[in-house]
Amino acid sequence: MRPFEDALKQQGVSPPLPDGGSPPPPGSSPPPPPPPTAAAASMEEALRRERWYHGKMSRHDAEQLLQEDGDFLVRESMTSRGQYVLTGLQQQHGKHLLLVDPHGVVRTKDRRFDSVSHLIGYHRDNQLPIISAGSELSLKQPVERQT
């Protein structure tokens, strides 16, 4: 706690919430998550046009679709709303790389991209592996979703 909030608590007053709202009444359910931003909706719309994008999918289900080293797909995380994951097979091990940072920027360790499609195209066209947390993932064959 910070001194301001501590003083309010001692006086029996609830500290203000970071968004300026008031706390929910005791026993009530939390407010619904905010609607997706225009940027997030636009990203989702663009991804739906890509054959390698599979929508919401678990890690396990995604790994089941990978057959050979270099196979890859992009999926929406089941646990983090609006987060996109690149899932690929490298040395017969499934790799899962988050593609969007906490600020909504599509990036790898050392480069920013305009979109997830741009990131995938850049690495495929230039035959450059994506390096993350000491491992490499080469994008060779997209796993296309079934329509």
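**View 1. The second largest pocket has a volume of about 150 Å³.** We're looking at a predicted model here, where local features need pLDDT of at least 70, side-chain atom pairs count only at pLDDT 80 or more, and totals for chains, interfaces and linings use all residues. Residues are numbered from 1 along each chain as its sequence is written, and side-chain values use heavy atoms, with hydrogens and water left out. A pocket, on a 1 Å grid over the protein atoms alone, is an open set of points where a 1.4 Å probe fits, with protein on both sides within 12 Å along at least five of seven lines; lining residues have an atom within 4 Å of a point. The volume is the space filled by probe spheres set on the points, which are joined across faces, edges and corners. Among the lining residues are Leu97, Asp101, Arg107, Leu119 and Ile130. β7 (130-132) gives the most, with 3 residues, and β4 also supplies at least two. Strands are DSSP runs (E, at least two residues), numbered from the N terminus. The lining divides into 7 nonpolar, 2 polar and 3 charged residues; Ala, Val, Leu, Ile, Met, Phe, Trp, Tyr, Cys and Pro count as nonpolar, Asp, Glu, Lys and Arg as charged, and the others, Gly among them, as polar.

**View 2. His96 sits in strand β4 (residues 93-98).** With 18% relative accessibility, His96 counts as buried (under 20% relative accessible area, 1.4 Å probe, protein chains only). Its side chain makes a polar contact of 3.2 Å with the side chain of Arg75 and another of 3.1 Å with that of Thr87. A polar contact is a pair of N or O atoms within 3.5 Å; within protein, one must be able to donate a hydrogen and the other to accept it, and residues adjacent in sequence count only if both atoms are side-chain atoms. Leaving out residues up to four places away in sequence, His96 also touches others, including Arg59, Glu63 and Val85 (contact means heavy atoms within 4.5 Å).

**View 3. Ser77 lies in the loop between β2 (71-76) and β3 (84-90).** The Ser77 side chain reaches the backbone nitrogen of Ser80 at 3.0 Å. Beyond its neighbours within four places in sequence, Ser77 contacts Lys56, Gln83 and Val85. Look for Met57 too: it is 20 residues away along the chain, yet the C-alpha atoms of Ser77 and Met57 are separated by 6.6 Å.

Definitions and conventions:
Helices (H or I, at least four residues) and strands (E, at least two) are DSSP runs, numbered from the N terminus. Buried means under 20% relative accessible area, exposed over 50%, partly exposed in between (1.4 Å probe, protein chains only).
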